[in-house]
Amino acid sequence: MGAGKSSVSRELKRLLAPSFFLDGDWCWDMSPFAPDGAARALVLRNIAFMLNGYLAFEGRDNVIFCWVMHRREIVDDVLSRLDMRGVDFSLFTLTASEDELARRLTCGVEAGLRDSGVVARCIERRREFDAFGTEVDTCGVSPEEAARFIASRVTGDRL
């Protein structure tokens, strides 16, 4: 949360066209927000349905998916639901320092876009991402710069 995953993903969609983009947060858009077991199962089924449709589409080169997946088992759960035949998969984790995340998220809280507990939750989860070994630090770079870095890794610098 707060590392720029949606902004970077939108830029990746443009850079890696033809492509599709699914933001996992769209699948959680409910009121009241109640991420219990049944809702989580529904969200995962819907994510898998959408991603499998994108992966099967002949006219796409890239499918970009972003979501807060702070534990590897979440990533593995999503991947286990997908038909990955003929797919090259890349995992990137967008991160920022704890101070930068707190600053970004506090702006969202003050603007009424996020709840007041988001900073503590994010800082707690941020530490779990360190184990992935796929980090892209978004401190001091624009979403466009972060997207160019990721796109160059995906394409082998063919941009």
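This report describes strands, helix packing, cysteines and selected loop residues in a predicted model.

Residues are numbered from 1 along each chain as its sequence is written, and side-chain values use heavy atoms, with hydrogens and water left out. Because the model is predicted, local features need pLDDT of at least 70 and side-chain atom pairs count only at pLDDT 80 or more, while totals for chains, interfaces and linings use all residues.

**Strands**

Helices (H or I, at least four residues) and strands (E, at least two) are DSSP runs, numbered from the N terminus. Strand β1 covers residues 19–23 and pairs with β2 in the parallel sense over five bridges; two strands pair if DSSP finds at least two bridges between them. Within this pairing, Phe20 stands opposite Val63, and Asp23 stands opposite Cys66. Between β1 and β2 the chain passes through helix α2 (residues 37–56), and the β-α-β crossover is right-handed. That term applies if, with the strands pointing away from the viewer, the path from the first strand over the helix to the second runs clockwise.

Four of the five residues of β1 are buried, so this strand is largely enclosed by the rest of the structure. Buried means under 20% relative accessible area, exposed over 50%, and partly exposed in between, with a 1.4 Å probe and protein chains only. In a regular strand the side chains alternate between the two faces of the sheet. Strand β2 (residues 62–66) has Asn62, Ile64 and Cys66 on a covered face, whereas Val63 and Phe65 lie on an uncovered one.

**Cysteines**

A disulfide is a pair of cysteine sulfur atoms within 2.5 Å, and by this rule the count is zero. Cys66 is in no disulfide, the nearest cysteine sulfur, that of Cys27, being 10 Å away. Cys66 counts as buried at 5% relative accessibility. The sulfur of Cys139 lies 11 Å from the closest cysteine sulfur, in Cys122, which is too far for a bond. Cys139 is partly exposed, with a relative accessible area of 28%.

**Helix packing**

Two helix pairs are set out below.

| Helix pair | Angle | Axis separation |
|---|---|---|
| α4 (residues 98–110) and α5 (residues 118–129) | about 150 degrees | 9 Å |
| α1 and α6 (residues 143–155) | about 55 degrees | 8 Å |

Axes are lines fitted to C-alpha atoms, for helices over the stretch in contact, and angles run from 0 to 180 degrees between N-to-C directions. Angles under 35 degrees count as roughly parallel, over 145 as roughly antiparallel, 65 to 115 as roughly perpendicular and the rest as oblique. Helices α4 and α5 are therefore roughly antiparallel to each other, and α1 and α6 are oblique. The crossing of α4 and α5 is right-handed, as is the crossing of α1 and α6.

**Loop residues**

Pro18 is placed in the loop between α1 (5–15) and β1. A cis peptide bond, with omega about 0 degrees, joins Ala17 to Pro18. Most peptide bonds are trans.

Phe89 is found in the loop between α3 (72–80) and β3 (93–95) and is partly exposed, with a relative accessible area of 42%. Phe89 and Val63 are 26 residues apart in sequence and 9.5 Å apart in space, C-alpha to C-alpha.

Terms used: A crossing is left-handed if the near helix is turned anticlockwise from the far one by less than a right angle, and right-handed if clockwise.
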